[in-house]
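Thanks for coming. I have one structure to go through today, so please bring it up on your screens.

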Amino acid sequence: MGAKSLCGKYFSSPNFYEQETQKIFRKEWICVGRASDISNVGDYLLHEIDGESFIVVRNDRMQVNCFYNVCRHRGTRIQEEPCGRFKARIACPYHAWTYDLQGNLKTAPNMDGVEGFDLNDYTLGAVRCVVWQGFVLINLDRESPAFEESYGPIYSRFDEWELADLVSAHRKTYDIGANWKIIFQNYSECYHCSLVHPQLSPITSVTTASNDFTEGPFLGGPMILSDAYDTVSTDGALCGDHFPRLSDEARNKVFFYTLFPSLFVSPHPDYVLTHRIERRSRNSTRIICDWLFPQEVVDRNGFDATNAIDFWDVTNRQDWHVCELTQQGVQSESYKPGPYSNLESTLAAFDRHYLKVIGEIES
Ligand code: FES
Ligand SMILES: [Fe+2]
């Protein structure tokens, strides 16, 4: 008997939502943005995971650090603005304790006379943080495996596109009324493409899809571009240049990968489309979509990515609509898991991985 879609409880039960928090979002590497979003000393962004707020900041050694956004005096949330630049110090707005960009407490007014008080005892709570391929990822679990180990299978997969050096030519944020897993599942199959994306079907036929990752936290693979198209864009023409290190074989392909639980990476011949997925609630998800190109292409006179942006913006919205319809349906008392087609093998693999991670099936 073939695999079936997930039971409704995984999309709507508060109990499973909490299990995801503990077993996925507080254990796995979570993408919080691009390192180029905080390219200067003192640049920061805030990230929230289930009510916890984190400061991700570029320190004066040009490293990216992450701290709990919690003052070591009386616990006040230090920073409210979602992004910006600290001028050398991170200052709490309550009693003006200040921290350097490494999280060390540097000044604490009127604490001199307090017996046993030592600035060194009150550094900001640090969170594990790495920069990989230009993405910033954090992990709240001190015990979980090293990033290099967790990401081993896919660690060098994007070297051909020199992803680490790409910058965002455009960013769009979408708020979707669907569970984050429905978004993953939608991205993972093109069974729906001919009906939902009439403009995409002539460019990449579902019959050309294959997978080079078929099990585990990373899934996906290539589709072949039709002869009349050099890339995915409204007119089929490149918006940038072929990536210089790209093999001939990869030049007529588009690749679609899901990186559990917060990222999609879609390399094209001349740009890389990325979706960062933020779980917001049981039935809402925020997606931050970037169109990444080399800096020198973006800086070129006459550079225009409109055809790539418009194409995927239309396609994204078509996807979000069917995701919202799916969310409404899986919440119904009448919903029962339905059978996956042979074009949905990575959805079954996603479900297996998800169920293992939350302890519903044995690993
Ligand atoms: S709570 Fe931050 S300085 Fe007092
Ligand atoms: Fe789609």
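**Sheets, domains and one buried cysteine**

Strand 6 and strand 7, residues 98-99, are antiparallel and share two bridges. In that pair, isoleucine 90 sits opposite tyrosine 99 of strand 7.

Before going further, please keep in mind that this is a predicted model.

Now the chain as a whole. Its secondary structure amounts to eight helices and 16 strands. The C-alpha trace spans about 75 × 55 × 30 Å along its principal axes. How does the radius of gyration of the chain, 22 Å, stand against that of a compact globule? For 363 residues a compact globule would have a value near 21 Å, so the 22 Å of the chain agrees with it. As for burial, 36% of the 363 residues count as buried. If we take the contacts with a separation of 6 or more, 64% of them are between residues 24 or more positions apart.

Next, the domains. The chain is divided into domain 1, residues 29-143, and domain 2, residues 165-357. Their centres, taken over C-alpha atoms, are separated by 33 Å. How many residues of each domain are in contact with the other? Six residues of domain 1 touch eight residues of domain 2. On the domain 1 side, strand 1 gives the most, with three residues. By class, that side has three nonpolar residues, two polar ones and one charged one.

Strand 1 brings me to the seven-stranded sheet. This is an open sheet with the order 1-10-9-4-3-2-5 and antiparallel pairing. Strand 1 (30-34) and strand 5 (83-85) are at the edges with a single partner strand each, so each has one side without a neighbour in the sheet. On average, and ignoring direction, neighbouring strands here are turned by 30 degrees against each other.

Going through that sheet from the strand 1 end, strand 1 pairs antiparallel with strand 10, residues 135-139, over four bridges. There, cysteine 31 has leucine 137 of strand 10 as its bridge partner. Further in, strand 4 and strand 9, residues 126-132, run antiparallel and are joined by two bridges. Cysteine 66 is placed opposite valine 127 of strand 9.

Strand 4, residues 64-68, also pairs with strand 3, residues 52-58, again in the antiparallel sense, over five bridges. Arginine 58 faces valine 64 of strand 4 in this pair. Strands 3 and 4 form a hairpin with five residues between them. Within the turn, methionine 62 has a positive phi of about 70 degrees.

Now to strand 16, residues 284-294. Is strand 16 largely enclosed or largely open? Eight of its eleven residues are buried, so the rest of the structure largely encloses strand 16. One of its pairings is with strand 15, residues 272-281: the two are antiparallel, with nine bridges. A hairpin of two residues connects strand 15 to strand 16. Histidine 275 has cysteine 289 of strand 16 as its bridge partner. Strand 16 also runs antiparallel to strand 11, residues 166-176, and ten bridges join these two. Here arginine 171 stands across from aspartate 290 of strand 16.

Why does cysteine 323 count as buried? The cut-off is 20 or more other C-beta atoms within 10 Å. Cysteine 323 has 24 C-beta neighbours inside 10 Å, and therefore counts as buried. Leaving out neighbours within four places in sequence, the contacts of cysteine 323 are Ile176, Ala178, Ile182, Ile183 and Asn186. Take isoleucine 183 from that list. Isoleucine 183 and cysteine 323 are 140 residues apart in sequence, while their C-alpha atoms are 6.3 Å apart in space.

That is what I have.

Technical notes. Residues numbered from 1 in each chain as written. Chains lettered and ligands numbered in written order. Predicted model: local features only at pLDDT ≥ 70, side-chain atom pairs only at ≥ 80, totals over all residues. Buried ≥ 20, exposed ≤ 12 C-beta atoms within 10 Å, placed from the backbone. Pairing = 2+ DSSP bridges. Axes fitted to C-alpha atoms, helices over the stretch in contact; angles between N-to-C directions. Rg over C-alpha atoms; globule rule 2.2 N^0.38 Å. Contact = placed C-beta atoms within 7 Å. Domains from an automatic or database assignment. Nonpolar A, V, L, I, M, F, W, Y, C, P; charged D, E, K, R; others polar.
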